[in-house]
Structures are given as C-alpha cells and as structure tokens.
Amino acid sequence: MTGAKALIQALEKEGTNVVFGLPGGANLPIYDALVGANLRHVLVRHEQSAAHMADGYARIKRKAGVCFATSGPGATNLITGIATAYADSSPVIAVTGQVPVAMIGKDAFQETDIIGVANPCTKYSFQPRAAGEIPEMVKKAFYIAESGRPGPVLVDIPKDVQQATAEMKFPDLIKVRGYNPVVDADLSDMGRAVEILVKAEKPIIMAGGGVILSGAFAELQALAELLMIPVVTTFKGKGAFPENHPLAMGPIGMHGHAEANKIILEADCIVAVGARFSDRSVGRFDEFGKGMSIIHMDIDPAEIGKNKSVDVALVGDVKSSLRTLVKLLSKKIAKRSADNPWLKRRKELVQYYAETLKDYPREITAKKSLKKLRELLPANGVVTTEVGQCQMWASLHFDVIAPGTFFSSTGLGTMGFGFPASIGAKAAAPKVPVVDIAGDGSFNMTENSLAVSVLEKFPVIVFLMNNYMLGMVAQWQRTFYNKRYSGVEQHSCPDYVKIAEAYGAQGVRVGSMQELDKAIKAAIKSDVATVIDIPIDPDEDVYPFVAPGTGLKDMITGA
Amino acid sequence: MATTATQSGSWYIVTALVENKPGVLFRVTNLFRARNFNIESITVGSTEQKDLSRMTITTNSDERTLDQLVKQLRKLIDVVEVKVLDTEKTVYRELALIKMKAVDPTTRSEIINYSTIFRGNILDIGKETITVEITGTPDKIDAFKNLVEPYGIAQLSRTGVSALPRGVEV
Ligand SMILES: Cc1cc2nc3c(=O)[nH]c(=O)nc-3n(C[C@H](O)[C@H](O)[C@H](O)COP(=O)(O)OP(=O)(O)OC[C@H]3O[C@@H](n4cnc5c(N)ncnc54)[C@H](O)[C@@H]3O)c2cc1C
Ligand SMILES: Cc1ncc(C[n+]2csc(CCOP(=O)(O)OP(=O)(O)O)c2C)c(N)n1
Ligand SMILES: [Mg+2]
C-alpha cells in the first residue's frame, strides 16, 4: 500500500468522514488516493478557510477536524487557521504535502519548513520519513489533538513518502511516553475545595471554554443548582451554561454583561471551571479576585498559577472534577434554596442594568436584530461569529440556550473565521440551522467560501451586521484617538447582495425589523446559503467596555 | 555572569529527559523564547538510555517563572521528565576552555601557577598564547576568569552546566 492510501485509511479508521482542502504539486498522491475513497473531500477556495472549516467541525463534534494543503504557500495559508485553533484549544489536524525527503533543506520549489513555522501554534507535529510510519503517526496525531487540552497537530508528509509503498500495520493502541494527560483531580485538593465552598457566603461560578471542550454541561448545572449561586462565563465559555437559566448572568470581561462584571467583584469565592484567566475576561490580573478564594479547575497544569495565583487547583477533566465535587459537596450540604440574599443581589443587578442601559435610537440596531434572531432561531441552532463589534454584540445580546452551540474565534480573534467555521459546523450538524453572526470586514476576508457552501450544499446563514466599517477599530479610534479615523472605512464596497448572488447564493438587504423577520424565516427554510445584509449605524458603540489595562471595577456602561 | 542569587531571583538547575530525536532542542529553545524565559545555559547530551537525551538548563528566575518554565517544559510532548535539582544535593560541573595572551615569561608562569591552583589543565602552549581547561562549578570558572582577565583573554568557550543528583536519588 502507498503512504497516501495509508493516510486515507488511517483517517477513516479514526472516524473522519470529511476533509477540507486544496491540492498542489506536493500532495498530488494524496489527492489521487482520495479518488474512490469513502472520505468526502470538500474543495475550498483558500486554505485558511479549510483550517477554519475543520475547526468549526471539530468544535461541534468535539473530535478532530481534518484539512489538507500542499507544501509552501498552501501550508502557510493554513497557518492563520492553525493558530486560531491553537488559541482556542481546538483539535484540528492539518495534513500538508512536503517536498521529497532528498530535497528537504535545498530550498526546493515550494519548500517551506512548515514544522518550524507552525511550531509555536501546534500542540505537536509529525513528519514521516518512511511510508510505513504513517498509520502510527496519524493515530498519534488524533490522540494528541483530541485528548487532554485539545489542540492542532500538523502531519507534514514528503511527496516521495506519499508515493512509496510499504507493508502497513494499523495499530489499535499507541503510547506516547512524554504525554500523559491527567483526568481525575487529586482527592485531597478536592476536599479543600469542598471546605471552602461550604463556608463561602457569596461564591460564584466562572465557566470557561474548558466546560464546552469537555461537554460538562449537566455537571456544571448540577454544581450551580446544588449551591444555588450565580454563574458567569468567559466569552469563550459563553453557552457553557444555558443563558436563559435563572442563575445565568452571561460573560464577564472587556465587553462583558454589566451585571456579570459587577457581581463578580462582590463575590467571596470564585470557582473557575475550565477558564484560563485571560486578560480579556479578568482585566488586571493583580486586581481580579483580590481578597477572594479562588478554586481553579483545569486540565492543563501549566494554567495553574500562570496568570493568577489560586487557593486550590483541581487539575483534571472538568467533567470528572465537577462530578466528584458535586458528590462530595452533597454529603456536606443539602441543595440550597433559591431564596437566598446572594441571588437577591443577582436579581437586583440584572434589573438595575436592564433599566439603566439605553438602547441605541434607530429602527434597526445590533441589539434588536440579534434579539430577533434569537426569537426565530430554534434553540439547537448553531451560531458562529466573526470578530469585532458584531462578535461582542452577539456576546451581549444573543442568548445561547442549548449549551455548546456557540463558537467564536476568541483567543486569536481571527476575522474571517466565522463563515468557514459555520460551513464546518454545518458539515458536522447538517440537520440544524447554522448562522454566522458576521461583520462586513470579517466576512469580506473569507467570503469566497460562498462557493463551497453553494457547490457542496452547506446552506448556512450569514447574518451580516453591516456598518461598512472596521467597526471595533473605529470604536477605539472614537474612544482613544479623538475620533480620528484611520484605515477603517469601507465606503459601501462591496455590495454583499450582489456578492451572494454572484456565487449562486441568496442575498437579501433588509430596511426594517419586519423585513428582517421575514428574511430570517426564509433563510432558515432555504436550501441555499443566504446573506442577510443588515444596515448598522457605523457610530453605534459596544457597551459595556472595560478599557485595556484597567480592572472590571472601571467598567464604562455608556449609560 | 552572576551565578548566585540576583535581583531577578535565584539560580536554578533544571534537568529534562527528552526524546532523542531531531527537532527536540528546537522545540525547547523556541518555547523559552516565545514565553520570555531567561536561560543562562543549556546543554544536551546522551544518557544511559539510547533513546533519551538529558538537557541541563540553568536559569536565574523568580519562583513563579521557574514554576511556569517547568510546567511548560513538561507540557512538551517530547519531554519525558523534568526536575528542578536542589543544588545542595546535586553534583554539577561546567568545563571552560580559556586561551590567554601570554608572551613574557612572568605572565606565562603566573598563568601556569593559577591554573595549577584551580586544578586546570594546560592544553596548549604557543609562542604567544596559553590555553587552559578549567572544570568546576560556574562560580569557580568565574573566579578563574576574573583572575586571569587582566592578562588578556583571547578566546573563551564554556560548555554550560551538566548535573546529576547525588547518591541514590534517581
Ligand atoms: C474582540 C474580542 C473581545 C473579547 N472580549 C472578551 C471579554 O469581554 N470577556 C472574555 O471573557 N473574553 C473575551 N474575549 C476572549 C478572550 O480573548 C479569551 O479567548 C477568552 O477569555 C478565553 O476564555 P477561557 O478562559 O474560557 O479560555 P479557553 O481559551 O477556552 O481555555 C480553556 C481552558 O480550559 C482548559 N481546558 C480545556 N479542556 C478542559 C477539560 N476537558 N477539562 C478542564 N479544563 C479544560 C484549558 O486548559 C484552558 O485553560 C474577547 C475576544 C475578542 C476577539
Ligand atoms: C485578521 C484580522 N485582522 C485585523 C484584526 C483587527 N480587528 C479587530 S476587529 C476589526 C474590525 C472588524 O470589522 P467587521 O468585521 O466589519 O466587524 P465590526 O467591528 O464592524 O462589527 C479589526 C480590523 C483582526 N481581529 N483580525
Ligand atoms: Mg463592520
């Protein structure tokens, strides 16, 4: 069997049924091996989008998504997508072609040291030097990408290794000596966490992306409902907990919900569940959680104490840690009542900000359109986002009901992620409607994936909040640079309805809330991708705002 | 180059057993650069096991940075084991080759004298230079270097520290 055939078989053995990619000279043998294989190949128009599609697929399935590219420029085009997956701990497997072994290091045509380039943004990388190594390396790539703290893995295969034949052995079990992720947290640490929680009067849960990666939704809810305490999330953790739940308070941080940012300052104990204390969620490290006890649950030991010293660290998979914690806590306390002063305070804050924060005065606003989308989209509908104001408005005004249905490039903040990721998500969940909450600038970056959505029949919805502005940057220029605009205006170009139509998708421009209502309903039913072009006032700001370098207490609400 | 406690923290020896295969040193040094870890010396060499190499890293760090350095190293897939050695319970040595300008006979005999006191080896004597090998703790090498510096050091090459725990501890 050839190395290329072994690759395809190894992928199939891992359960991969779709790959996203684009061919070239150095991966021709792989593309030839695809002919007649069960594996579905989705041809992209730019490799960056292939990586985002694999990422979107992986986030839904909580299993690795796979993308292909040729050597050199094909491989470097993947990098933004790989870095995006790395920043958000997403299991993407990138398979690149490489120049033949004998040509490596000779500055051959389309030779790039992609392992070197990708090193800082991959969990690991492989370069088989003999065809017979491929089955085991692929198996290890999946194991490393999907287990522990997930992350992208690169498999860089020289062309002659793809072509060579060998006796193939597909291992069932593999071991990686230097890699042993912890699953179950230490029990004595668990005991200390229980002690703190039993005594705490105003504990709060801060749920992060780790809960979604682990799928520990029921376990998180069990802890919250046992203690009857407020639940805030990070932005990456948005939707780890149903946002229509009476304990939910939404994301904290730079553009967190006002009541969430406020209440966490008043807590006496923070239970951080699968969150890494990013500067965007906690503001200043030194101020955050001052005087409070912090319990940190994380699967990555290197996250413990990285940004924040904590009182108790529970290193392990949050699914297991939460289960044990709830079990041990239940032995000490009975389910607490909802009628407690801490939850009264929660209600007070929610009410206060609901009355104080003003709506932007216009027929169509970001908030109104997102509330409308929520009203019409089924609870299990999947949402991805682009980056910028559109993303933060989604965080603020679109409530996630079914846990694990909201995905965004949060760590890297990659414009252009949302649309290809929505296609990957649709490939993973073909039966549910999938919406990319987009900004014009971001959508512009990867809009050529419309070809993929039309030709490969992934009818997703692009919910385009169009201010014809790199709006988030414009907002910072209004706030910090005395409204001096520099490099942010898009001058009404291009016409996104025509763009959609040029690809054979549907484009609708809406002029009123009523038209928006109609357009969303039609798009959900449509069997072709729809771009809904929603005019947003370029002056509309995102509030609340915690300026960089300041603390959550310095939040500006814009009211 | 200070080898004892400095303002930025204390001096630590960290050893790592790593897979003996291409690219591992790259991954380790790239990690140090990307995470802003300040490394004083790093050595790599073979061990009693054919498929494992030992890296010895010395660093001036505060405790928090050291903790991160160790954890980030452990996180690398090719790193099998990481330990911070207690310098009290560790044997550690560095080797230095020092070539000095030495033309007149007094200088030459002084250098040879110092070298004997430091249990150095004279490796080469030319018309105008003497090359000495000194083995010891980094402190000892620093001391010798400071002593002979006034004569003029033509070239100097240090290996970095190599270390093992004392006694039965493995
Ligand atoms: C324009 C913009 C604005 C932003 N504003 C905000 C903001 O206002 N607020 C905000 O919070 N963020 C904001 N972000 C996102 C921010 O940059 C970070 O990406 C985000 O805060 C990280 O969330 P997290 O801590 O949940 O970490 P993640 O990146 O999701 O990390 C997950 C953590 O969980 C751990 N983990 C993974 N799997 C498991 C498991 N099975 N069990 C246990 N632990 C596990 C990991 O080791 C890691 O420590 C913004 C981003 C952009 C682009
Ligand atoms: C690839 C990339 N380039 C630049 C940025 C910096 N950036 C962050 S938000 C933003 C504006 C995004 O514009 P748009 O998609 O229209 O969203 P809006 O803020 O207008 O809602 C820019 C340029 C980025 N995050 N990603
Ligand atoms: Mg915009």
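In chain B, a polar side-chain atom of T47(B) lies 2.9 Å from the backbone oxygen of L52(B). The backbone oxygen of Q49(B) also lies 2.9 Å from a polar atom of the T47(B) side chain. Polar contacts here are pairs of N or O atoms within 3.5 Å; within protein, one atom must be able to donate a hydrogen and the other to accept it, and residues adjacent in sequence count only if both atoms are side-chain atoms. T47(B) sits in the loop between β2 (39-46) and β3 (52-61) of chain B. Helices (H or I, at least four residues) and strands (E, at least two) are DSSP runs, numbered from the N terminus. T47(B) is buried, with a relative accessible area of 17%. Buried means under 20% relative accessible area, exposed over 50%, and partly exposed in between (1.4 Å probe, protein chains only).

The model is predicted: local features need pLDDT of at least 70, side-chain atom pairs count only at pLDDT 80 or more, and totals for chains, interfaces and linings use all residues. Residues are numbered from 1 along each chain as its sequence is written, chains are lettered from A and ligands numbered from 1 in the order in which they are written, and side-chain values use heavy atoms, with hydrogens and water left out.

Ligand 1 is surrounded by 33 residues. The closest are G209(A), T234(A), R276(A), D298(A) and T410(A). A residue counts as near if one of its heavy atoms lies within 4 Å. Oxygen atoms of ligand 1 take part in several polar contacts. A polar side-chain atom of R149(A) is 3.4 Å from one such oxygen. For K236(A), a polar side-chain atom lies at 3.3 Å from an oxygen of the ligand. G274(A) places a backbone N or O atom 3.1 Å from an oxygen atom of ligand 1. Taken alone, ligand 1 exposes 980 Å², and the protein buries 95% of that. Accessible areas come from the Shrake-Rupley method with a 1.4 Å probe; for residues, only the protein chains shown count as cover.

Three elements of chain A give two or more residues to this shell: α9 (209-214), α12 (279-282) and α16 (389-397). The largest share, four residues, comes from α9(A). By class, the shell around ligand 1 holds nine nonpolar, 16 polar and eight charged residues. Ligand 1 lies between domain 2 (187-355) and domain 3 (366-542) of chain A, because both give residues to its shell. The domain bounds come from an automatic or database domain assignment.

Around ligand 2 there are 17 residues. Q389(A), G441(A), S442(A), G471(A) and M472(A) come nearest. A polar backbone atom of M472(A) lies 2.8 Å from an oxygen atom of ligand 2. M469(A) has a backbone N or O atom 2.9 Å from an oxygen of the ligand. The side chain of N467(A) brings an N or O atom to 3.1 Å from an oxygen of ligand 2. Alone, ligand 2 exposes 590 Å², of which the protein buries 77%. In chain A, α16, α18 (440-446) and α20 (471-480) give two or more residues each to its shell. α18(A) gives the most, four residues.

The magnesium ion (ligand 3) has D440(A) (OD), N467(A) (OD1) and M469(A) (O) as protein donors, lying 2.1 Å from it. Donors are N, O and S atoms within 2.8 Å of the metal (3.2 Å for Na, K and Ca); water is not among the atoms, so sites may look incomplete. Along the chain, the donors follow the spacing D-x26-N-x1-M. N467(A) is buried, with a relative accessible area of 8%. M469(A) is also buried, at 7%.

Key: Nonpolar A, V, L, I, M, F, W, Y, C, P; charged D, E, K, R; others polar.
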